[in-house]
Amino acid sequence: MLEMDSKHEVTVVNIPHSLETGQLQGKWDNGNKIAIFPGPGNFSSSDSSKLNMEFNIWEVQFDVEQYRGLARRVISESHDIFLEVQEIDNMDNAAKKRSLLKYSKLYRAILRASFVHSEIKDPRIEFRIGNDKKLEELYSVVELVWQLCEIVFIDSPQSYPISELLEWIVWHFPQADQLHKEMILEGKVFRDHRNYWPTVYGYIVSGRMNSAAELLITTVHDLNDRSDPFVKMSELLRKMPQPNPSPEYILKWRHWQQECRNRLTNDFQHHEQLHKLCRILCGEEKILQQLSTEGIIQTWYHLLVVHLLYRNPTTKVYDLHYNIDLSLELFYGSKPRLGKLDEIISAVLQLDTVRVIKEASFGFGDWWFAVHLTDLLYHCGQLKLYKLDYGSDLREYLLLEYGSALMSANLWQIGSDYLGRCQTYGRYYLERYVPRIPVDSEKKMRKVLHICEKYGLSAESLDICREKSMTSIRGEKLGSALSWALYVKDVTLINHVIDCYMSAYIKDGNAERLAIMDDIGTAITLTGQLAFLGKFREFHRLCSIGNLVEAASVLVLLMVDGLASKKYWWMLLLDSIPLFETDEILFDSDQTYELLRCLTEIELSLWGPIHNGKNDGNGTLHQARKNSEVLDDALNTIRIALARNLARAHINEEQS
């Protein structure tokens, strides 16, 4: 098993010139990095060499190597299970317990998949925990502790846990299977083989009676010979009652134990190995201690389970801790040498959940185990009453630490879900982390916005979209700018983008860029400016397909009904000159008078403030005013076209 040491190496980095200045400063950078640099010192004016000193900026980033490769796969898969666990609060107690047990096994399945197949191991990934050990070995230890926690805290708190403990031992101490496999590969399964009796003893101390019985009779020539001691031992092993919570089990087990003691002195007295085997079945402590010395029993908690199996298999979960001291003494002697893993397992057996979490957080060097186990125990109701002396409860503290670590490792999609499940400080953390997420593509931007929408970060979403929209405007990508403005429904930003559209149209006369309005949908009602741009797009589309009657109606709607801003009237009238000079009269006299009135207001708004030496603040019109000759010609052309249309309209009305 992996031994865990509590000593951790600390890397010390000296920042040049920090001693000269006497200060060290830092500033948050993108991607959760910190820029470190020497701060200003108390230099005298005579010390010119220090005043002219050049300083470097040092970039400090959190160690994220542990969140790559195999670890990243474990983090991603366990994240999905974590989200499902959060949905079980509304279940009844029975259904909740079944669900929690299911999710616990799913967590363990993820851990087992990380180390059970050697071909998927990545030798480049190592995890510092005492000495450098492979990450797969760490996950094996984590799974060992997790399974024990599942047995003690979740699965069987009210029943006999011996069956589950045996399953735990079989999975994590497969030495007997390995020895048996070696014998089979050598093609020599006989009693004198070096692996034969260690394999039999290994099966016995794992509670695998049928496997041991099968191995014993493989070398028996006559299975019907009831006097053969191997046949007798095989029958005795098969008689052992299987642990179950029924009252009859205790009587059957006591009867079987008595039979083992009787046969110890009668049937197996003259056969050394079978006699030793029967002593194990009787639960003799000396023989268990001997097996520990021989390596058949590999750890003190392995010995504890064997001792329970053959001495008191009806021990309840809350009585397991009474066997710890005896098991330690039998395995280690009078001076136990406990490592970090031993401390964690001891805490589990003592039902000290808080100590388990604390020891595991320190011993495993990572928050993964502590966070997910604490979350399960919290939903079991075992940690709801435990509060920290500072901040909130233990579960939230661990979620904040784990979520922060993931955010710093650029796993912000996963980390945000852990932070978002913190009732007290989760939103506060998200508000600080989300703006620092490095966004270098539109796809990533939309993922960040989804997080903002999911957790109600409206202010952060607005800031992100504003920044993206302004960046698109500077890059002359007006369609993208309008899309981001519409995403957050920022009226001021939408109007600004529309002004940019109209400025671009005034500059080059290209109405095709307005095609984006065809897909706006119901969002067109957000602002009057947006409705105007939609009608302006419709006006140009009708003109392009030759539907001039409808185009004229749209123009009247824009000008007379006030849908268009005054600063765009002159441009609308200029674009409408072809409508005034068609063979068909599209505007009656009243409509033409209204258009002439609009033209007069345009002239007054253009020239009045200038003649008075005042600036009306209208940037678009003043920009047009700078080229006065062109504007004068345009207004004169519009007036002439309107006058002609008015004359034709009067004549047509008199004739009709």
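**Figure 1. Overview of the protein chain.** Among contacts in the protein chain between residues at least 6 apart in sequence, 63% join residues at least 24 apart, where contact means heavy atoms within 4.5 Å. This is a predicted model, in which local features need pLDDT of at least 70 and side-chain atom pairs count only at pLDDT 80 or more, while totals for chains, interfaces and linings use all residues. Residues are numbered from 1 along each chain as its sequence is written, and side-chain values use heavy atoms, with hydrogens and water left out. The protein chain has 32 helices and 5 strands; these are DSSP runs numbered from the N terminus, helices being H or I with at least four residues and strands E with at least two. Of its 656 residues, 47% count as buried. Buried means under 20% relative accessible area, exposed means over 50%, and partly exposed lies in between (1.4 Å probe, protein chains only).

**Figure 2. Helices H17 and H18.** H17 covers residues 353-364 and H18 covers residues 368-380. Their axes are 9 Å apart, and the helices pack at an angle of about 160°. Axes here are lines fitted to C-alpha atoms, for helices over the stretch in contact, and angles run from 0 to 180 degrees between N-to-C directions. H17 and H18 are therefore roughly antiparallel to each other; angles under 35 degrees count as roughly parallel, over 145 as roughly antiparallel, 65 to 115 as roughly perpendicular and the rest as oblique. The crossing of H17 past H18 is right-handed. A crossing is right-handed if the near helix is turned clockwise from the far one by less than a right angle, and left-handed if anticlockwise. On the H17 side, the contact is made by Thr353, Val356, Ile357, Ala360, Ser361 and Phe364. On the H18 side, Phe369, Ala370, Leu373, Thr374 and Leu377 take part. The residues of this contact of H17 with H18 divide into 8 nonpolar, 3 polar and no charged. Ala, Val, Leu, Ile, Met, Phe, Trp, Tyr, Cys and Pro count as nonpolar, Asp, Glu, Lys and Arg as charged, and the others, Gly among them, as polar.

**Figure 3. Aromatic pairs.** A search of the whole structure finds 21 aromatic pairs. Rings of Phe, Tyr and Trp (its six-membered ring) pair if their centres lie within 6.5 Å; planes under 30 degrees apart count as stacked, over 60 as edge-to-face and the rest as tilted. One of the pairs is that of Phe82 and Tyr418, which is stacked, with 4.3 Å centre to centre and 25° between the planes. Phe82 lies in helix H3 (residues 70-85) and Tyr418 in helix H20 (residues 412-420), so the pair ties together parts that are 336 residues apart in sequence. Phe82 is buried, with a relative accessible area of 0%, and Tyr418 is buried as well, also at 0%. The ring centres of Phe364 and Phe369 are 5.3 Å apart and their planes stand at 85°, so this pair is edge-to-face. Both Phe364 and Phe369 are buried.

Figure 4. The axes of H19 and H20 come within 8 Å and cross at roughly 165°. H19 and H20 are therefore roughly antiparallel to each other, and their crossing is left-handed. H19 contributes Leu399, Leu400, Tyr402, Gly403, Ser404, Leu406 and Met407 to the contact, and H20 contributes Trp412, Ile414, Gly415, Ser416, Tyr418 and Leu419. The residues of this contact divide into 9 nonpolar, 4 polar and no charged. Gly403 is found in H19 (residues 394-408) and counts as buried at 0% relative accessibility. Leaving aside neighbours within four places in sequence, Gly403 is in contact with Gly415, Tyr418 and Leu419. The C-alpha atoms of Gly403 and Tyr429, 26 residues apart along the chain, are separated by 9.2 Å.

Figure 5. Most residues other than glycine have a negative phi. Glu476 is exposed, with a relative accessible area of 69%. Lys489 is found in the loop between H24 and helix H25 (491-508) and counts as exposed at 57% relative accessibility.
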